[in-house]
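Q: Hey, can you walk me through the aromatic rings in this one?

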Amino acid sequence: MNDVEPVYDKETDTLKAIAKGHPSASAVTNSKGVTVFFAPDSNEVLGYVIQNFSAYYEENKNDDGSYAVDVPTRVPVNLEEEMDFDEEQLKSGVRIAEMY
């Protein structure tokens, strides 16, 4: 996911970064409002979407104007227990981006 540039749609206030599609992708949303799409057969993360991005940005921006989106490399098998991806985030890269 680190090589996928997020795209912001001002009209819908949505930020999305989709690395690849899948004919039967599943999705899960964490407590910060990041919806992660994943392949149900491998749990591989395919991309993410943040609706109401302006609010997300205000809550997660750094002093220099950058922000972080924590996206795991794989969605945990037991989604009910790992919905916020805390353990997985520590093992995966954190996407740092600038809002334009």
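What follows is a chat about aromatic pairs in this predicted model.

Q: How many aromatic pairs does a search of the whole structure find?
A: The search turns up 5 aromatic pairs.

Q: What do you look at to describe a pair?
A: You give the distance between the ring centres and the angle between the planes.

Q: OK, take Phe53 and Tyr56. Why is that pair called stacked?
A: Their planes are at 25° and the ring centres sit 6.1 Å apart, so the pair is stacked. The cut-off for stacked is under 30 degrees.

Q: And where are those two in the chain?
A: Phe53 and Tyr56 are both in helix α1, which covers residues 53–60. They're 3 residues apart there, so about one helical turn separates them.

Q: Are they buried or exposed?
A: Phe53 is buried, at 1% relative accessibility. Tyr56 is buried too, with 5%.

Q: Next up, Tyr57 and Tyr67. What kind of pair is that?
A: That pair is edge-to-face, because the planes are at 85°, with the centres 5.8 Å apart. Over 60 degrees is what counts as edge-to-face.

Q: Which parts does the pair tie together?
A: Tyr57 lies in helix α1 and Tyr67 in strand β6, residues 66–70, so the pair links parts 10 residues apart in sequence.

Q: Buried or exposed, for Tyr57 and Tyr67?
A: Tyr57 is buried at 12% relative accessibility, and Tyr67 is buried at 2%.

Technical notes: Residues are numbered from 1 along each chain as its sequence is written. This is a predicted model: local features need pLDDT of at least 70, side-chain atom pairs count only at pLDDT 80 or more; totals for chains, interfaces and linings use all residues. Side-chain values use heavy atoms; hydrogens and water are left out. Rings of Phe, Tyr and Trp (its six-membered ring) pair if their centres lie within 6.5 Å; planes under 30 degrees apart count as stacked, over 60 as edge-to-face and the rest as tilted. Helices (H or I, at least four residues) and strands (E, at least two) are DSSP runs, numbered from the N terminus. Buried means under 20% relative accessible area, exposed over 50%, partly exposed in between (1.4 Å probe, protein chains only).
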